[in-house]
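Welcome, and please open the model in your viewer with the sequence beside it. We will go from stop to stop, selecting a few residues each time.

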Amino acid sequence: MEVKDIIDLSTIKTNMNASSKEEAIQELAEVLLQNEYITDINGFLKDIYEREAVGQTGIGNYIAIPHGKSAAVKKIGVAIGINRSEIPWETLDGNGVKGIILFAVGNEQGGSQNHLKILTLFARKLGNDDVIEKMLQSTNAEDVQAALCN
């Protein structure tokens, strides 16, 4: 499994205008619902916020990776959002967030392994400052995909 296998252009939103973490997560969850990655937005959001309560998902460098395993997930995927302005978020470096990668992973058997695989794949990419810079400057889904897949 590679990042390119998980990224779906139809679940990438650039030029988001969310003013809070909750707005951003809601907007990206709606994208996952519209594209049939999840079946129940409320159940999915509940599971995401349960994970958010455990520890911060802002990894620094203006990036957050909200995630959690959920029975509402129909198929594994991610929704990626690039926000126009910095959103207040609990982060490792104290900065806000402009890039959000919302993971959709089921809690069925094997869900934990898939969850860790996807987190690891994206962590490798997001450990590169050039990748993050290109991703945050993206104005369309293809640019986001190129930043994360090249």
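**Before you start**

This is a predicted model, in which local features need pLDDT of at least 70, side-chain atom pairs count only at pLDDT 80 or more, and totals for chains, interfaces and linings use all residues. Residues are numbered from 1 along each chain as its sequence is written, and side-chain values use heavy atoms, with hydrogens and water left out.

**Stop 1: helices α2 and α3**

Select residues 21–34, which form helix α2, and residues 41–54, which form helix α3. Helices here are DSSP runs (H or I, at least four residues) and strands are too (E, at least two), numbered from the N terminus. Two packed helices are described by the angle between their axes and the distance between the axes. For α2 and α3 the angle is about 135 degrees and the axes are 10 Å apart. That makes α2 oblique to α3. The axes are lines fitted to C-alpha atoms, for helices over the stretch in contact, and angles run from 0 to 180 degrees between N-to-C directions. Under 35 degrees counts as roughly parallel, over 145 as roughly antiparallel, 65 to 115 as roughly perpendicular, and the rest as oblique.

On the α2 side you will find K21, E22, I25, Q26, A29, E30, L32 and L33, and they meet I41, F44, L45, I48, Y49 and E52 of α3.

**Stop 2**

Keep K21 and E52 selected: their side chains meet in a salt bridge, 2.8 Å from N to O. The two are 31 residues apart, with K21 in helix α2 and E52 in helix α3, so the pair links distant parts of the chain. A salt bridge is a side-chain nitrogen of Lys or Arg within 4 Å of a carboxyl oxygen of Asp or Glu, and by this rule the count comes to six.

Are these two residues buried or exposed? K21 counts as buried at 9% relative accessibility, and E52 counts as buried at 10%. Buried means under 20% relative accessible area, exposed over 50%, and partly exposed in between (1.4 Å probe, protein chains only).

**Stop 3**

Select K74 and E36, whose closest N and O atoms are 3.8 Å apart in a salt bridge. K74 lies in the loop between β3 (63–64) and β4 (77–87) and E36 in the loop between α2 and α3, so the pair ties together parts that are 38 residues apart in sequence. K74 is exposed at 54%, whereas E36 is partly exposed at 49%.

Then select K4 and D5, another salt bridge, with closest N and O atoms 3.5 Å apart. K4 counts as exposed, at 54% relative accessibility.

**Stop 4: I63 in strand β3**

Select I63, which lies in strand β3 and is buried, with a relative accessible area of 0%. Not counting residues up to four places away in sequence, I63 touches T57, G58, V97, G99, L126, I132, M135 and L136.

**Stop 5: helices α5 and α6**

Finally, select residues 129–136 (helix α5) and 141–149 (helix α6), whose axes come within 8 Å and cross at roughly 175 degrees. These helices are therefore roughly antiparallel to each other. V131, K134 and M135 of α5 make the contact with V144, A147 and L148 of α6.

Key:
Contact = heavy atoms within 4.5 Å.
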